[in-house]
Amino acid sequence: MDTYTNLDASMIDKAPAVYANFGSRLGAAVVDWLVLTPLLGLTTYFLMMSPNYNGIVLISLISLCYGPLMDHFAGGTLGKQALKQKVVREDGGQITLLQGFMRALPWWIGGMVGLYTNYLTFQIPGIQDADGVIAYSQAIAEYQMSEGGFILTYLPQLAWILPLLSTLVMLGNKAKQGAHDILAETYVVKVDR
């Protein structure tokens, strides 16, 4: 006698989700970093070579929207897609745009702190006249020596601890959810493509 005769067909197709582990998610983050590297180059250009705060804001917003928009519309960033991962709701469905932005909250906080410190950098007397990396670095160093410069020196580094801590939460969690996943009620699962 067939043991599956009393089962609904949808129950047979439902296999338990396999959550993407820390290593594979780190790999996806590295791929995404490579994808976003040209934007990092543009930010450096607008910061040091041809100072333009509006350019920095535009590039930062594009970078910060990449993850939430890709997670919502494509199921994951290019890094996640390359490593066969997908961001889903608890029921396995597509996440909402709000969930995408909730997942990115720690990175948005870090990004906003970065924009604030870049704004402060543009207020340094003579920074607009810096014509290259060396002149830019000298102007920053002189300002930090004369004014202390705690905000410009340490605040950006401190702000990026939040995404790191959010990510490390997945190490003590069966569903491999980071704090950002728990906040957004999302999961990153392995998929076959």
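Predicted model: local features only at pLDDT ≥ 70, side-chain atom pairs only at ≥ 80, totals over all residues.
Here is a quick tour of the core, the salt bridges and a nonpolar surface patch in this structure. Residues are numbered from 1 along each chain as its sequence is written, and side-chain values use heavy atoms, with hydrogens and water left out.

**Nonpolar core**

- A nonpolar core here is a set of buried Ala, Val, Leu, Ile, Met, Phe, Trp, Tyr and Cys residues joined through side-chain atoms within 4.5 Å; buried means under 20% relative accessible area, exposed over 50%, and partly exposed in between (1.4 Å probe, protein chains only).
- The largest such core has 14 residues, and Leu47, Ile56, Ile127, Tyr136 and Ile140 touch the most other members.
- Helices are DSSP runs (H or I, at least four residues), numbered from the N terminus.
- Leaving out residues up to four places away in sequence, Tyr136 is in contact (heavy atoms within 4.5 Å) with Leu47, Met48, Thr121, Ile127 and Ala130.

**Around Phe46**

- Phe46 sits in helix H2 (residues 22-49) and counts as buried because its relative accessibility is 19%.
- Phe46 and Ile56 are 10 residues apart in sequence and 6.1 Å apart in space, C-alpha to C-alpha.

**Salt bridges**

- A salt bridge is a side-chain nitrogen of Lys or Arg within 4 Å of a carboxyl oxygen of Asp or Glu, and the count comes to five.
- Arg25 pairs with Asp181, with the closest N and O atoms 2.7 Å apart; this links H2 to helix H10 (residues 179-184) across 156 residues, and both partners are buried.
- Lys80 bridges to Asp71 at 4.0 Å between the closest N and O atoms. Lys80 is buried because its relative accessibility is 11%, and so is Asp71, at 3%.
- Arg25, Asp71, Lys80, Arg103 and Asp181 are linked in a network of salt bridges.
- Arg89 and Asp91 meet at 2.9 Å, N to O; Arg89 is partly exposed at 30%, whereas Asp91 is exposed at 52%.

**Surface patch**

- Tyr154, Leu158, Ile161, Leu164, Leu165, Leu168 and Leu171 make a nonpolar surface patch of about 660 Å². Patch residues have over 30% relative accessible area and no salt bridge, with like charges joined within 9 Å and nonpolar side chains (Val, Leu, Ile, Met, Phe, Trp, Tyr) within 5 Å; areas come from Shrake-Rupley with a 1.4 Å probe, and for residues only the protein chains shown count as cover.
- H9 gives the most to the patch, with four residues.

Terms used:
Helix = DSSP H or I, 4+ residues; strand = E, 2+ residues; numbered from the N terminus.
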